[in-house]
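I opened my notebook today to look up a few things in a protein model. Here is what I wrote down as I went along.

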Amino acid sequence: MPAAQAAAPPGRPDLARFYAQRIEWEGCADEMAQLLVVERGDVFVPGHAARSECGRVEVPRDYAHPNGSAGTATIAMLRLKATDPKHRLGSLVLNFGGPGQSGVTALNSLAESFSRLNTRYDLVAHDPRGVRGSDPVFCEPPLDAGAPVDQTPDTRAEAVQVADAQRAHNARCKNKDALAVLPWVGTADSARDLDVIRVALGDDSLSYLGFSYGTKLGAAYLHQFPGKAGRLVLDGVDDPTLDARGIALANSRAFQKALENFLTDCVHRGARECPLGATRAAAEKKVETLFNALDRQSLTTDAGLLDQSAFIRGVEESLYNQAGGWPHLRTALTGLAVEHDGSALVELAGGRTGNGTGSGNGIGRTVVTADDPVQASDAQRAVTCRDTNDRPTAQDYVDTVSQAVKASPVFGKSLAAGMLQCTGWPVTGDTRTLPVDAASAPPALLVATRGDPATPYEGAAHMAAALGNHSRVLTYEGEGHGAYLTSSACVHEHVERFLTTKTLPPENATCT
């Protein structure tokens, strides 16, 4: 049997030409250095940029009919070769979440954080299909939003307005070029791409480190290719048991818990640093009061308009990272509470205000900013709406919002409204990503942060049970979204030991 046919999945000789590929790497130091300058706002370029190599692989848009009319897509990739080639273990493919975010940009920005793994692994990242350099989703230019739509609806009529705004926003993606791509951007197909990439890298099994949405992609790979799975680490684990309503409620609880943990720390610092109240309960009440006041009247600031959507966005962004976000959030809330100045909160929100087109689900924040934000947002929505045929309505919002608000008076309405983002999406959903059972796959390492607001802690246990392959959960007793990119030496040790020796942590292991 020809080698190309042997590499293709059994019974799929029609995929042989894709599995026959080997990546032709080319140096791309100048391009990566320029991206770093754009990202960091200065001219300092770390040494890893000089080692950057870029490559591409071709994949079928439609794996069911790889030679059909849907055509092919080209996947953009970045590699940093192992710095100790004599002890090289292979390639480690990374996915930094989203969906909709560029893996090339993220690895280029964050490579120093993976330097220990880069000793024995080639670090590899790609732009998943639909994203940036890989058959990107391009909808029509954003519409003139007109009058802002209240993203924290108080009535069914306001919920209908949100749904209508989402429908109008999604109509941008009905153009011919977008419709040629949208049916093929789901996670199930991206997992197939990972296997083509694996073979193109010359690896017998996939070693993988995925964050946030990247854990969903990793689980899809375990499900589809259990015999080709190697050492997989999933950090900030997606919960495979939740529908749109379940996500809204789970995230309402998780963001509220993260806010409470922030405020506990805040009040312990005293009134000078945290003039929100003498106790956490008092501080919570103050934050709710500040938030509720914006429902009646938005606040004009030098940085833009502070409405409830911008308030939520600024707080959410800050809760993603304890070390980098909490100090700024203390300053921003102090400015609003003491000086009636909301400019710092608007800046934390990225200068954006609610206009009825955001995802509204608190998930998938990017760690880099060099990407085109409109393309990234469209790609995120395209993947999210392709991965489910769940299309909640304004009435579903009404039926859910009271529970969401009970879980979180600040975040509940916005997160419940996020259920409406796929209203009128022009492509049907694909439910192939729902099952993740992978009993014959080797166990993976799942890393769960106790105070994670975006992928709640309980999701890791649910994922482990759904995989059914004795995957192990490592608990990080910390705050923020994801654990490996924190300063926890314990998390680093367990993750790196697993990826280099395949040794799992003990049952019920915890890190601080």
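**Entry 1: Asp 135**

I began with Asp 135, which is buried because its relative accessible area is 17%. I noted the cut-offs next to this: buried means under 20% relative accessible area, exposed over 50%, and partly exposed in between, with a 1.4 Å probe and protein chains only. Asp 135 lies in the loop between strand S5 (121–126) and helix H6 (156–170). Helices (H or I, at least four residues) and strands (E, at least two) are DSSP runs, numbered from the N terminus. The phi of Asp 135 is near 50°, a positive value in a residue other than glycine. My reminder to myself is that most residues other than glycine have a negative phi, and most peptide bonds are trans.

**Entry 2: what I am looking at**

This is a predicted model, in which local features need pLDDT of at least 70 and side-chain atom pairs count only at pLDDT 80 or more, while totals for chains, interfaces and linings use all residues. Residues are numbered from 1 along each chain as its sequence is written, and side-chain values use heavy atoms, with hydrogens and water left out.

I looked up Ser 212 next, and its phi is near 55°, a positive value in a residue other than glycine. Ser 212 sits in the loop between strand S6 (206–211) and helix H9 (213–224). With 6% relative accessibility, Ser 212 counts as buried.

Then I turned to a peptide bond. From Gly 98 to Pro 99 the bond is cis, with omega near -5°. I found Pro 99 in the loop between strand S4 (90–95) and helix H4 (103–110).

**Entry 3: disulfides**

How many disulfides does the structure hold? I noted five disulfides, where a disulfide is a pair of cysteine sulfur atoms within 2.5 Å. Counting bonded cysteines along the chain, the pattern is 1-2, 3-4, 5-6, 7-8, 9-10.

Cys 28 and Cys 54 form a disulfide with their sulfur atoms 2.1 Å apart. This link is right-handed, with 80° about the S-S bond. Cys 28 lies in the loop between strand S1 (26–27) and helix H3 (29–40) and Cys 54 in strand S2 (residues 53–60), so the pair ties together parts that are 26 residues apart in sequence. Cys 28 is buried, at a relative accessible area of 6%.

Cys 385 is joined to Cys 422 by a disulfide, S to S 2.1 Å. The torsion about their S-S bond is about -95°, so this disulfide is left-handed. The pair links distant parts of the chain, 37 residues apart: Cys 385 is in helix H15 (residues 373–386) and Cys 422 in the loop between helix H17 (412–417) and strand S10 (445–451). Cys 385 counts as buried at 0% relative accessibility, and Cys 422 counts as buried at 6%.

Cys 490 and Cys 511 are joined by a disulfide too, S to S 1.9 Å. A torsion of about -60° about the S-S bond makes this disulfide left-handed. Cys 490 lies in helix H19 (residues 489–501) and Cys 511 in strand S12 (residues 510–511), so parts that are 21 residues apart in sequence are tied together. Are these two cysteines buried or partly exposed? Cys 490 counts as partly exposed at 23% relative accessibility, whereas Cys 511 counts as buried at 1%.

**Entry 4: salt bridges**

I found that the structure holds 25 salt bridges. A salt bridge is a side-chain nitrogen of Lys or Arg within 4 Å of a carboxyl oxygen of Asp or Glu.

Arg 116 and Glu 496 meet in a salt bridge through their side chains (2.9 Å, N to O). Arg 116 lies in helix H5 (residues 115–120) and Glu 496 in helix H19, so the pair ties together parts that are 380 residues apart in sequence. Arg 116 is partly exposed, with a relative accessible area of 44%, whereas Glu 496 counts as buried at 14%.

I also looked at Arg 386, which forms a salt bridge with Asp 430, the closest N and O atoms being 4.0 Å apart. Asp 189, Arg 386, Asp 430 and Arg 432 are linked in a network of salt bridges.
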